[in-house]
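My entries follow in the order in which I made them.

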Amino acid sequence: MSRLGSSKLDSSKPTDSKGQHDSIALYVRIASILKGRIVRGDWPHDALVPGVEQLSNTYGVARATARQALQALVAEGLIVSERGRGSRVSYVKPPASEVDGGLFQVLAPEPKEHKIIVLERRHRVSLNTALFKVGSPYESYTLIRKVHLLNGIPYGYYEVSIASEIYERLPAGADARQKLARLLAASGVEMAKGEDILTVDSADWEEAKYLEYPMASPIARIVRVMTDRSGRIAYAANNIYRGDKFKQTRAVSGYLYVPDESTSSKTKKNVNSLG
């Protein structure tokens, strides 16, 4: 059993010299620091969390503020408190396994331990084209909301739109067994162009619920669009990945190449720039 009461905490107070975080309640700032340690696994399951007195002294805040920070973690299900026994970590960090969310991994076969839970299918809906910079829309789409799990742990929540006339060609119920991109490829739909837009965000209440992940924890959000040979959007998705399960691999060797003086001008023109 781990004990954190004697662990060294950051001596700096959760303040901001530029004042951009001044509007955030002090107890929320302290709770966010503690939450980060729990989610990262610095404080493992059943570890004893510093008490009100220690937090008050460490961060130079009132005992009431320290108590509010702990109560916020209790409300999120990260710790449990018992009178006379202090607070302990109830959060269980999931086993290490990462999911590559890159565009070129969408056609990879699902591993044996993979599971898909379809939450909703909505037919004949319009596409929100404001999210996408390429292609023109089909007349209507089928929207599928689903969760993907690996080894029983949710890692991704998806809102995927497939052109209605294409979705109707897919085997019934197949979207609960295979990735939609793989189904499209198997159905003979040829994609002419694909684009990923990756941003780092924090999980809202609904996303956290489906991912079984603390609210406001880091997520990777990928807006993905693929157009067919006609230039229309066949597939569009808002993919949300848990930050502790996500990785993206990208080759950068071309950016590190610096030609010497003898390199021809033609070759120099092809060298990528870091800008």
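**Entry 1, the cores.** I began with the largest nonpolar core, which has 35 residues. A nonpolar core here is a set of buried Ala, Val, Leu, Ile, Met, Phe, Trp, Tyr and Cys residues joined through side-chain atoms within 4.5 Å. Buried means under 20% relative accessible area, exposed over 50%, and partly exposed in between (1.4 Å probe, protein chains only). Ile162, Ile166, Leu180 and Tyr235 have the most contacts inside this core. I listed the elements that give two or more residues to it: strands S7 (141–150), S8 (153–163), S10 (218–228) and S11 (232–242), with helices H4 (164–167) and H5 (180–186). S11 provides the largest share, 6 residues. Helices (H or I, at least four residues) and strands (E, at least two) are DSSP runs, numbered from the N terminus.

I then checked Ile166, leaving out residues up to four places away in sequence. Ile166 touches Tyr138, Leu184, Val189, Asp228 and Ala234, where contact means heavy atoms within 4.5 Å. A second, separate core has 29 residues, among them Leu34, Val52, Tyr157 and Ala203.

The model is predicted: local features need pLDDT of at least 70 and side-chain atom pairs count only at pLDDT 80 or more, while totals for chains, interfaces and linings use all residues. Residues are numbered from 1 along each chain as its sequence is written, and side-chain values use heavy atoms, with hydrogens and water left out.

I noted 7 helices and 12 strands. Of the 275 residues, 41% are buried. Among contacts with a separation of 6 or more, 64% are between residues 24 or more positions apart.

Which residues of H3 are buried? I found Thr65, Ala66, Ala69, Leu70 and Leu73. They lie on the same side of H3, because they cover an arc of only 140° around the axis; the arc is that of the directions from the helix axis to the C-beta atoms. Their cover includes helix H1 (26–40), strand S1 (48–49), helix H2 (52–59) and strand S2 (79–82). Just after H3, Gly77 takes a positive phi of about 80°.

Arg224 is buried, with a relative accessible area of 2%. Its side chain makes a polar contact with the side chain of Asp196 (2.7 Å). A polar contact is a pair of N or O atoms within 3.5 Å; within protein, one must be able to donate a hydrogen and the other to accept it, and residues adjacent in sequence count only if both atoms are side-chain atoms.
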